[in-house]
Amino acid sequence: MSDTTNTGKNAVCFPLGMFLAVSVLFLTTGACGLIYQVAWQRHLLNLFGATIYSISTVLAAFMGGLALGSFAFGITAEKTKSPLRIYGILEIGVGITAIAVPFLLKALDPVFVTVYRHWGTNFFAYSLLRFVLVFCVLLIPTTMMGGTLPLLSKFVAPHGKRSGARVGALYALNTLGAVIGTILCGFYLIRLLGVSKTIEIAAVLNVFAGVLAIGISSRVPASDRDLAAQHFGESSFDHTEDEKGELVLRRRLIHLAYFLSGFAALGLEVIWSRALVFTFELLKNTTYSFTAMLAVFLIGISLGSIAASPFVERDKAPWRSFALLQILVGFAAIISFFVLHKLCYTLGASWVELVNPETGAVKWTQTLALVFLRSFVVVFPPTFLMGFAFPYAVRCVTLHSREAQTGKNVGRLYAVNTLGAILGSFSTGFFLLPMLGIAHSIWLLGAAQALMGLVLLWHDANTNRQRQLVWAIVCGGALTITLIRIPRPTVFQPLEPLEKLLFYKEGPLATVAVTENSLGYRTIFVDNVGVAGTEPMLLTDQKSLAHVPMLLLDQPKSALTVGFGSGGASYSYTLHPELERIDCVEITETVIEAAPTLTESNHDVVMYAPEYVRRTGRSPEGPPLWNDGGRSGWYKNDSRYRIILDDVRSYLHFTDTRYDIIATDCTDLRYKSNANLYDFEYFKLTREKITDRGMVVVWMPLAGLSDEAFRVALRTFYRVFPNMEVFYMNNEPTHYILLVGTKDPLRINVKRMKEKLSNPRVRADLAELHLDSAEKILSCFICGREALADYLAGETLNTEDFPYLEFESPRFGYGDAPLLMNLDSLWQVRENPLKLIDAETIDPATSASLSLYSAAAADVIEGHKHYRRVEVLEAARCWLRALQKNPHDSSVKNLLNFDELRRKVKGQPENLWAKLTLADVLILQGKDVEAGTYLHDILRLTSNGSGTPREREFYVQACERLSKLYERRGNSQEAARYQKLAQEGLRSQISETH
C-alpha cells in the first residue's frame, strides 16, 4: 500500500508503512527528549538551585538549542537528498552526547565555582556567564534534537504537498511521545532506577532509533530521492513582485502568530502549574502533581494535532481557520481561569475518600485521578486547540512560501515558536505574575492570542470587511466582559471557616499568603503549604533550630539558617551576643515581604518602613536590609544579620564561607522544592561548610513517611554524620525531630548551657515555650549514634541520582498515624541524655533534676499521642502523671491548661464539643467551678434540650457532668435535678429516634 502524490508529470511514491515506521521512531525519540529535559534540569538545579533565575537559565539554554537546531537543520533539510539518514545520525548523536552532559557539568564545576566567587556580586554578569556555560554544555544535544522535526518533515512531505496533515501527524506523535516520557519519568523510571539509569535507557533508545532510521533510509529507492531532490531545487510557484510581497507579509504574520502562540503556551503552563496546586488537597506541589499537569498539557497538544490532521488538507481557507483557532485558543485560555477559580476546588471532592483514616495511607489511584481530573478541565481545552492549530500553521506557511521547502519552513516555524516559549516562560515568571497576578496574566495572554487571531483574520482575503468587523466587535466585547468579571482581588489561597487573610502576593517563584485562624494563630503559606507561624508548635520549631545548637555548642561565632519562614529562627539567633555573623538563605523574596504580619514570631528582625511606622509610630532604627541604602524601605534590627536570596544548595556549593552552625528548616520533604535538601549530597555539602567544631541541625518531619522512608531519611543523614544525635522537643505535641550532626562526638558543657540561659533575652524567648531550663532541653534527647547503628541498618539512601524520598513520601500518610508510628519506633531505642554530657560540667543537683525530667518524658509523649488522636481526656491523664513525677516542668503545666481548647472556645463560641471537652479536662484537674461555667453555657446554647438532635446529645452530657459536679460538692438536690434533666433529654432522644 502506498500514498502517491502527483506534482506535474512525475510522481513521488511514499509507502504508508514507511511513514508509520518513521512515526513510531519519532514517538519514541519524543519520549527520550522529555526524559533528557527532566534529567538535565535535575542536574542543573541541583547545581544552581531552584531560584527563578536558575530555572529560567536552564529552560532558556535547553530551548535555545532546540530553536537553533530547528532553524539550522531546516536549511540543511533542503540541501540533502536523504533527510531521514541525517535524522538517524542526529538521533545517534543525541544518545551519545546526552550521556556526556552530566559528566561535562561535573568537569566544568570548578569553572562555575570560580565564576560565582568572582562575579557573584555582579548579578547580571554572573547570570550571563552562567547561561553561556550551560548553553555550551547543552548546545550539541539540544541542537540535534531541534533539527529532527524539520528533517522528518522534509522526508514525509518532500514536495510540500499534504505538509499540514503529515507534519501535523508527526508533531502529534512526537508530543505523544513526550507524554509517555513525562509519565514514565515522573512516575516510574527515576523512582525505580534513578536519574543516571533513566538517561542511559533514553540514550539506548535514541541510538537504536537512529540506527533504524538509517536502515529505513537505505530502503528508499535512489530514483525517489533524486526525484525529490529535483523538486527541492525547483520553485513550484510563479508570482509577480506584488504577489511575492504579499506572500512575505503573510508568512511573517504566521511566524509572528506562532511566536505569540509559543509565548502564551509556556506562559500559561507556568501560571496553571502555579495555580492548580491550590486545588489539590494532598499532592499539592509534589513531583507527581507537576507530572500530571505537564502530561495533560502535552496530551491536549498531541490530540489536538492528531484531530486536525484529517481536516487541514481539505480546508479551502486554512488561513481563516488558523485565524479563528487563534481566537478560540485565546478565549479558551481566559475561560480556564474561571474554571480554575470557580470549579476546581470542589470538583470531585465528594466522590472519593483520599486517605485511609486508620493508617493515614494515601489512596493513590483516587488521589491521582482527582489531580488529573482538575488539571484536565483547566488545561485540556486550550491546549487541544493549540495542538489543532499546528497543522494549519504548517499548511499556511507552506502555501505562502515562494518555494516548496518543507524542512526550511517547518524549521523556521518551530524555531520562532520555541523562541516565543523561552520568552513566555521568562516574562511570565519575572514580570507578568509579580505585576499582574495569576488571573490577569491568564487574561492578558489569552487576549493577546485572540487579538493576534483578529489581525490574521483582517488579512484574510476570503473574509469580507463586514464579517471582520463583526468578529472584532464580538471579540472586543467578550474580552471586556471577561476582564470585568475577574474578581478583585483574586485570591487562590483557600480559607477555612472563620479564617482571615492578612497577606497575599503572587511572587515570581511562589504565591505567599498569611492567614489568621479562629484561635488567633497566624500561618504563612508558600504555594498553599504552611511553612511557619505563631502557633506554639510552629514557634517551637523555629526557636529550637536556633537555641538548641547555640546551647549545645561551646563557642559558636557564626550561624546560617536555611529558610526565613516567619522569621522566628532568625530572631532567636540575634539574641545570642556571642555570634558575630548570622546569615539566612531564603529562596523566595516574597516570603520576606510577609514578615510584617508575623511580628509575634520575628519580633521585627526585618522591618518594612511604611508598615513599621504605621504600627509603632516611629521609623526603623536598624541598618538597611538590602544593599540599597534603604531605598526599598526594608531594614533589619541587627547589623550582624544578613539575608541571602538564593537556593541554599547553590549557595553552599559555590561559597567559600564556613559556619559554626548550619540549621536547615524546610517544610515537609514530600514537596518538590524541599526534597533535595534531604539527600546525601546536600548533607555532605553542609558537613563541608561547617567548621571543625561546628554543628548541622536539620528539621525532619515525623509525618508523611512510611517506616522505611523515615529510616532512609535518617540513614542518609547518619552516613554523612556518624556522630548523629536526635532530639524531639516535647514541650508541645510537635510533629518533627531535630537531627544534630557534628564531625566529632558531641560533648555538652552543661555549665556553659546554664550560663547562656542566664541571658535574660534568651531565657525570655525560650520561656514562651517553657523550654527555659537546661534539664528540659536535654530531656528532649531521644537517641544517638550507638542506638542508631542497628536501627538504621540497610543500604538505601536518598541521593541526587536516586531521589527516593521525593517519590516515596507523597505516597504515604497525611494524617497523624504515620507520625505516631515513626515516633514510637524511634522511642524504642531511646537513650539516657547523660551520655552526651561532659561529666565534669554537671553538678549533682542538675543531674537529679535531669533524671526527673527524663523519667516524666515517657508520660509526656504518651499524652502527646493521645492528644493527636483527639483523645483529650486520656492526654490529660498522661500529663498529670508526668507532673506528679516532675512538678518542676512548666511545659506540662502549660499543656494541662489546654490553651488551644480555650482559644477554640473563645474563637468558636458555638463549638459545643470544645466547651464539653474543656469542661471534662477541668473536672479531671478538680477545677469544678470553671468547668461548671462551660457546662451551663452548653445548656444555654442547646436551648435547654429543645435544639437539634446533635445539640440535645450535648445537652444530656452537660447535665450528667453537672449532676456529678454537684454531687461531688455535696449538693445532692442540684445533683438530682440535673440527673433528672439528663434522663428527660435522653428519653426525648430515644422517642424521636423511634
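How many helices and strands are there in the protein? The answer is 37 helices and 16 strands, counted as DSSP runs numbered from the N terminus (H or I of at least four residues for helices, E of at least two for strands). Do keep in mind that this is a predicted model, where local features need pLDDT of at least 70, side-chain atom pairs count only at pLDDT 80 or more, and totals for chains, interfaces and linings use all residues. Residues are numbered from 1 along each chain as its sequence is written, and side-chain values use heavy atoms, with hydrogens and water left out.

**View 1. The nonpolar surface patch.** Ile180, Leu184, Tyr188, Leu192, Leu193, Ile201 and Leu205 make a patch of about 570 Å². Areas come from the Shrake-Rupley method with a 1.4 Å probe, and for residues only the protein chains shown count as cover.

View 2. Helix α7 gives the largest share, 5 residues.

**View 3. A closer look at Ile180.** This residue is found in helix α7. Ile180 counts as partly exposed because its relative accessibility is 35%, between the cut-offs for buried (under 20%) and exposed (over 50%). For context, 60% of the 994 residues of the protein count as buried.

Terms used: Patch = residues over 30% accessible without salt bridge, like charges linked within 9 Å, V, L, I, M, F, W, Y side chains within 5 Å. Salt bridge = Lys/Arg side-chain N within 4 Å of Asp/Glu carboxyl O. Buried < 20%, exposed > 50% of the residue type's maximum accessible area, 1.4 Å probe, protein only.
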